[in-house]
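Please view the model alongside the text.

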Amino acid sequence: MAMEQDTGNDLSFQNLGMVYEARTGSVAALDGFSFDVRANEFITIVGPSGCGKSTLLQVTSGLQAPTSGKALLNGRSITGPSPDKAMVFQSFSLFPWKPVKQNIEFGLRVSGMSRAERDELVDYYIGVTGLTGFENHYPRQLSGGMQQRVAIARALAMRPRVLLMDEPFAALDAMNRTLMQEELVRIWSEHKPTVLFITHSVEEAVYMADKVLVMTKRPGRLKCTIDINAEIGCAHWRTQPIDEVLLVPKFQELRHRVWEEVRAEIEVNA
Amino acid sequence: MSGSFFTLSRFALVFAAWLFGWWAITWVLNVNPTFLPPPTTVFERLATMATVSMGDGTLIVHILGSLKRFATGFALAVIIGIPLGFAMGYFKPINKLVTPIFEAIRPIPPIAWAPFAILWFGLNVGAQAFVILLAAMPPIIINAQLAIRMTDGRLIDAARVFGAGPLRVLAEVALPSSIPLVFTGLRIGVANGWMALIAAELVAGDGSSTGLGYLILQGQRTLNADLSIAAMIVIGVIGALLDVSLNRLNRYFQGWTAQT
């Protein structure tokens with residue numbers, strides 16, 4: 001009954017620090033990052049380049065251990081990758097020698113799930129992500145948008161507690177990007193995993209998030225949090241098409257406010 | 001299709017022009033055929049070789065004899081070289097252990113081993129296979145090692161996030177992604193090995209009177225330059241065919257590295 005670490009949150013970052021040792025000296029990517037994420041929250045993270053956003057996801061995924069502080073999932077220290085944390089990468093990172101279906105089922109197969117169970121889950125997420133008919137295509141035969149759908153399906157098929165997304169739409173063209181933003185919200189609302197979503201697009205951040213986190217320039221620390229739900233005060237706009245939301249004065253105001261916060265960090269850097 | 005046909009016919013045309021130049025030189029300067037025979041004599045010789053026995057048999061016997069030696073040495077180079085290269089690429093201690101001796105041996109021309117090869121294996125296929133092995137293996141090892149080391153870190157991360165351990169990363173990420181570079185190693189290895197074979201046949205016979213190298217020697221000993229040149233042509237054609245067929249095979253795997 002050791003509950004002393006349980007903060008009642010899904011994810012908890014406590015004074016997280018990461019220092020990289022390089023030949024030219026040490027670089028602090030994160031320094032004293034603290035934040036608590038509640039279950040089912042959609043968190044977007046913005047900040048200047050090199051502020052440690054990706055490092056934060058690497059630590060949360062268990063790919064890297066922090067050099068100081070703690071990252072907790074459901075009250076337990078994160079020590080490595082686990083099936084309850086899945087990730088979508090900016091570069092898609094699909095296995096080029098595996099067809100779509102085998103890419104999506106990779107994590108399930110590694111976890112030892114039976115073929116029948118795998119097939120059922122994979123088929124379901126192929127449908128959800130709009131990949132029906134492309135099961136046997138290789139990644140190179142698909143457009144960027146379709147490839148990222150495969151990567152999202154691969155992550156969702158794990159039915160993760162936490163979904164980590166590292167600039168997932170940065171490599172897509174503007175139109176595909178808009179479509180995928182709306183699609184992601186729709187797919188996410190079916191099971192509502194907790195999401196940490198890194199982006200360079202303030203508009204994307206404000207459109208999708210329950211909370212937007214703004215990080216300082218390196219070494220990254222939490223600068224401020226904007227609680228979008230509290231600001232809106234009624235139903236979240238992410239269920240509506242982006243082009244309509246862009247016209248909402250409150251959206252414009254929040255986008256402006258987040259941008260001002262990010263800009264201050266970039267200009268300090270310059 | 002018409003484009004490749006055009007390229008091919010232009011290639012044939014240029015080639016024919018060079019052959020004509022060769023013939024013109026021997027004819028205009030009235031060159032002694034034991035010094036440089038005209039192409040017509042060489043092609044006549046090629047035709048004769050296909051039916052008339054030289055040494056232990058007709059041309060096909062010599063080709064098969066050479067191919068057998070080559071295949072033995074090359075197969076050994078693949079069987080040893082690819083796993084060794086993979087191991088060197090994936091496990092640092094193995095790399096540190098093998099690299100010094102590998103780098104020490106690599107600059108020595110394979111044919112320099114011929115006397116030792118004969119000493120160790122006797123005048124038989126073993127000595128020649130050993131020389132071919134030494135010629136073909138270094139590029140195979142280097143490329144296999146490089147292929148593993150160049151595995152896309154982002155794909156390794158993806159595999160690890162989804163729960164893959166080191167062995168699964170090796171089997172499902174590093175090995176498949178290594179294939180195109182491994183093929184590059186094989187292509188260089190084939191070329192090196194094929195060249196070393198002829199050298200090995202020239203320096204270290206295997207006690208039989210077969211092989212394309214043997215035919216070259218035979219031409220020299222009997223003052224039949226046309227025989228030597230005919231054998232050289234066959235060697236060149238087979239070397240090119242080996243390269244083309246490996247390249248065809250390689251193309252199948254090219255998409256595997258086409259990054260997104």
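B:Trp27 is exposed, at 60% relative accessible area (exposed means over 50%, buried under 20%, partly exposed in between; 1.4 Å probe, protein chains only). The model is predicted: local features need pLDDT of at least 70, side-chain atom pairs count only at pLDDT 80 or more, and totals for chains, interfaces and linings use all residues. Residues are numbered from 1 along each chain as its sequence is written, chains are lettered from A and ligands numbered from 1 in the order in which they are written, and side-chain values use heavy atoms, with hydrogens and water left out.

B:Phe20 is also exposed, with a relative accessible area of 53%. B:Trp23 is partly exposed, at 31%. The rings of B:Trp23 and B:Trp27 are stacked, because their centres are 5.6 Å apart and their planes lie at 10 degrees. Rings of Phe, Tyr and Trp (its six-membered ring) pair if their centres lie within 6.5 Å; planes under 30 degrees apart are stacked, over 60 edge-to-face, and the rest tilted. In helix α1 of chain B, B:Trp23 and B:Trp27 are 4 residues apart, about one helical turn. Helices (H or I, at least four residues) and strands (E, at least two) are DSSP runs, numbered from the N terminus.

## Aromatic pairs across the structure

The whole structure holds 18 aromatic pairs over all chains. One of them joins B:Phe20 and B:Trp23: the centres are 5.7 Å apart, the planes make 35 degrees, and the pair is tilted. Both residues lie in helix α1 (residues 2-28) of chain B, 3 residues apart, about one turn of the helix.

Chain B also has a cluster. Ring pairs link B:Trp113, B:Phe116, B:Trp120, B:Phe121 and B:Phe130.

## Charges over rings

In chain A, the charged end of A:Arg140 sits over the ring of A:Tyr138, 5.2 Å from its centre. A charge sits over a ring if NZ of Lys or CZ of Arg is within 6 Å of the ring centre and within 35 degrees of the ring normal. The charged end of A:Arg154 sits over the ring of A:Phe95, 5.4 Å from its centre.

## Cysteines

How many disulfides are there over all chains? The count is 0, where a disulfide is a pair of cysteine sulfur atoms within 2.5 Å. The sulfur of A:Cys51 has its closest cysteine sulfur in A:Cys224, 12 Å away, so the two are too far apart for a bond. A:Cys224 is accordingly in no disulfide.

A:Cys51 is buried, at 0% relative accessibility. A:Cys224 is buried too, with a relative accessible area of 18%.
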